[in-house]
Amino acid sequence: MSDMSTQTAPLAVVTGATAGLGLETAKGLAAHGYRVIVAARNADKGKLACHAIRTHRPGCDIRFEWLDLNSLESVRQFVMRLRQSETSLERLINNAGIMAPPRRERTEEGFERQFGVNYLGHFLLTSLLLPLLIAAESPRVVQLSSLAHRSGDIDFDDLNGDKHYDPWRAYRQSKLAMLLFSQALSRRSEEHGWGLLSVAAHPGLSRTALFDAGIKSRALIGQAFKLVVPLLSQSAAEGAKPTLHAALADDVRPGDYFGPDGFAETRGEPKRAHRSAAAKDQAVEDRLCDVSCELTGAVWSPSAG
Ligand SMILES: NC(=O)c1ccc[n+]([C@@H]2O[C@H](COP(=O)([O-])OP(=O)(O)OC[C@H]3O[C@@H](n4cnc5c(N)ncnc54)[C@H](OP(=O)(O)O)[C@@H]3O)[C@@H](O)[C@H]2O)c1
């Protein structure tokens, strides 16, 4: 793909590509000849990211588009703009995320912020982008999950932490939701013959700004991260490899999930990753999908508008 001219180059959208894993993923896609949209909430950081990617890959076609996953209205506006300027979307990388804000915060529509930003915003984004994805030649959607999904569950009685907010539990729930979402979308694509490859990836433990909020928290797990992250982690560029593998490799199958192959999947080269029993529960997957459609107003249809 590296010799594709930018005129005909397929389009990739990477959410949260202003820093960390998203920036490295955008660099990797640009290096493979994709036109890349850095979809994020901070225009100044967006410009810097585009500059860094152009330096890495001179001549690549890259632009910033404003997308704040904290607001479903912003998601709708982003999709409206994209549908005016593009006819197809080859890769959607749902990467943006936040981790464990110590106090419960709400999105603009009132959802707990991790549930809203990490998961619900991406759920609506993907649903609204289905027409562009299905119009592409061989489209893929990659959801960013985490090792943390393994100890997560979906608390249907308290999805937004209204009764009890635990920052880490909310993070784990959001990352499990992303993995369930990738399978639900995969299943739906197969049922309807959309030809969309829906997969997931996790970066092990990668040194990015993600841990800042969690490490500041006084919870034991935050303190543990202070010790564990420097010892077991890898660079953001290494951490982006499972995502890039899921997005680009030839051996990827519907519903696949990739992570690093090293110690406890914390670092290393991409391989198929382990998922928890909860992540394989189809009843939970179906219920979460129904609830997410209700909460966001999303409709899963190739002509969704
Ligand atoms: N690092 C790890 O070890 C690790 C492990 C497991 C999973 N992950 C997952 O990997 C993904 C990327 O994380 P990272 O480690 O690269 O973290 P990061 O360096 O903090 O980057 C997160 C990105 O998400 C963006 N973002 C945050 N809130 C947003 C919003 N409301 N709307 C749009 N964009 C928003 C950030 O933009 P701003 O710069 O404007 O904040 C930033 O570009 C996350 O989904 C995370 O859960 C990471």
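1. A handy starting point for reading these notes: two residues are in contact if their C-beta atoms, placed from the backbone, lie within 7 Å. Please also keep in mind that this is a predicted model.

2. With that in hand, have a look at Leu147. Setting aside residues up to four places away in sequence, Leu147 touches His202, Gly204 and Glu265. You will find Leu147 in the loop between β5 (140–144) and α5 (167–192). Gly204 lies 57 residues from Leu147 along the chain, yet their C-alpha atoms are separated by 6.5 Å.

3. Is Leu147 buried or exposed? Leu147 counts as buried because 20 other C-beta atoms lie within 10 Å, and the cut-off for a buried residue is 20 or more.

4. Next, the strands. β6 (residues 197–201) pairs with β7 (residues 257–260) in the parallel sense, over 2 bridges. Within this part of the model, Ala200 has Tyr257 of β7 as its bridge partner.

5. β7 also joins strand β8 (residues 270–272), this time through 3 bridges and in an antiparallel arrangement. Here Pro260 stands opposite Pro270 in β8.

6. Finally, the largest nonpolar core. It holds 83 residues, and the members that touch the most others are Val14, Val36 and Val38. Helix α4 (residues 113–134) supplies the largest share of this core, 13 residues.

7. Apart from neighbours within four places in sequence, Val36 is in contact with Ala12, Val14, Ala26, Leu29, Ala30, Ile53 and Ile62.

Note on methods:
Residues numbered from 1 in each chain as written. Predicted model: local features only at pLDDT ≥ 70, side-chain atom pairs only at ≥ 80, totals over all residues. Pairing = 2+ DSSP bridges. Helix = DSSP H or I, 4+ residues; strand = E, 2+ residues; numbered from the N terminus. Core = buried A, V, L, I, M, F, W, Y, C linked by C-beta atoms within 7 Å. Buried ≥ 20, exposed ≤ 12 C-beta atoms within 10 Å, placed from the backbone.
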